[in-house]
Amino acid sequence: MNSSGLLFRIPNLSLSNRLPCLRLLSLHSSAIPNRTRNLVLSGRRSFGLRVRSSSLAAETMSSGPTGSPKEATEVNRELYSPIEPYSSGFLKVSDLHGLYWEQSGNPSGYPVVFLHGGPGGGTAPSNRRFFDPEFYRIILFDQRGAGKSTPHACLDENTTWDLIADIEKLREHFEIPEWQVFGGSWGSTLALAYSQSHPEKVTGLVLRGIFLLRKKEIDWFYEGGASAIYPDAWEPFRDLIPADERQCFLSAYSKRLNSDDLETQYAAARAWTKWEMMTAHLLPNEENIKKGDDDYFSLAFARIENHYFMNKGFFPSDSFLLDNVDKIRHINTVIVQGRYDVCCPMMSAWDLHKAWPEADFRVIPNAGHSANEPGIAAELVAANEKLKNIVKNRG
């Protein structure tokens with residue numbers, strides 16, 4: 001396992017302001033461990049100061065082929081302008097389910113598929129903005145039961161393996177031989193599972209807010225761990241459940257989300273969704289929190305999430321995704337993680353980084369979970385730019 005170098009990025013500094021930083025680094029070079037100095041001298045790893053135009057710096061720990069020093073050159077880190085799809089439609093993937101899909105960007109461009117979170121979250125127009133529309137053929141779709149896909153909030157024939165099969169059906173429908181995959185939160189889970197099932201179809205991965213769907217991650221967020229940080233947001237989630245059922249909130253919510261009474265479902269869905277939306281940003285985001293008041297969105301979001309979590313992601317073991325990293329180790333990958341992510345704590349991204357040190361691991365020091373937080377959004381754009389340049393250089 002290769003060791004990780006530390007790369008410091010100083011945002012938006014003039015030359016006069018940078019010089020003291022450079023002198024400080026020089027004065028304290030003797031404090032750099034011998035092991036790190038040896039790596040520098042050997043040329044196998046860099047240890048230095050990277051200056052970026054970004055106003056938000058990322059702690060970067062990378063190794064292997066995706067951690068190339070060439071990445072230090074300037075890349076765009078700004079979200080691209082809003083665009084509209086050039087085509088959209090529905091793909092029938094079973095007798096029951098139909099998936100909404102859309103394409104935007106360059107119809108002849110490099111294909112990338114976006115895997116949304118939740119499960120049950122659906123896509124949004126803002127998801128298109130992470131990608132260069134002149135280079136990428138951007139494919140978004142709503143997973144089974146989510147967003148515009150039908151039937152809404154349906155749990156039948158809805159497993160991880162069904163979704164993996166759906167992604168393949170989409171790829172074949174669009175006659176795409178291979179593509180880049182982008183996924184955050186649950187989308188990172190699905191991206192890992194899909195790429196491990198079809199490694200020959202994936203040319204690059206961008207993963208954000210790593211979620212491995214292990215018991216300790218579920219317990220942290222749904223059984224009281226995160227309440228230590230957000231007690232005010234936790235109590236409405238807790239108080240919907242009678243005291244005698246609080247030994248397992250996942251089961252208690254499952255009972256209500258699958259009730260025969262629609263109002264009971266809606267009440268549970270609102271409480272479930274608001275709990276997640278109130279914890280998804282480092283700083284409260286009122287627009288995000290309001291999603292919990294949307295019964296249509298909340299019902300799919302809460303029912304499908306709970307269904308997957310009750311079934312442990314439909315994985316055969318708790319460590320399934322980590323155990324199968326060898327299948328995708330060769331794929332150029334960037335992992336982006338908010339340091340203060342409460343929904344998907346950094347422990348999971350760190351475990352993935354240790355199992356897969358070749359992947360480019362970027363920690364955003366002033367961010368939580370959401371892809372829409374400035375530091376995370378900037379790093380996701382930069383990650384796509386990096387993979388874009390790899391494709392261009394390869395071509």
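Is glutamate 172 buried, partly exposed or exposed, and at what relative accessibility? The first close-up gives the answer. This is a predicted model, where local features need pLDDT of at least 70, side-chain atom pairs count only at pLDDT 80 or more, and totals for chains, interfaces and linings use all residues. Residues are numbered from 1 along each chain as its sequence is written, and side-chain values use heavy atoms, leaving out hydrogens and water.

**View 1. Glutamate 172 and arginine 171 form a salt bridge.** Their closest N and O atoms are 3.9 Å apart; a salt bridge here is a side-chain nitrogen of Lys or Arg within 4 Å of a carboxyl oxygen of Asp or Glu. Glutamate 172 is partly exposed at 49% relative accessibility, while arginine 171 is buried at 7% (buried means under 20% relative accessible area, exposed over 50%, partly exposed in between, with a 1.4 Å probe and protein chains only).

**View 2. Lysine 255 meets glutamate 245 in a salt bridge.** Here the closest N and O atoms are 3.8 Å apart. Lysine 255, at 53% relative accessibility, is exposed.

**View 3. Arginine 329 pairs with glutamate 358 in a salt bridge.** The N to O distance is 3.0 Å. Arginine 329 is partly exposed, with a relative accessible area of 26%, whereas glutamate 358 is buried, at 18%.

View 4. Across the whole structure, a search finds 23 salt bridges.
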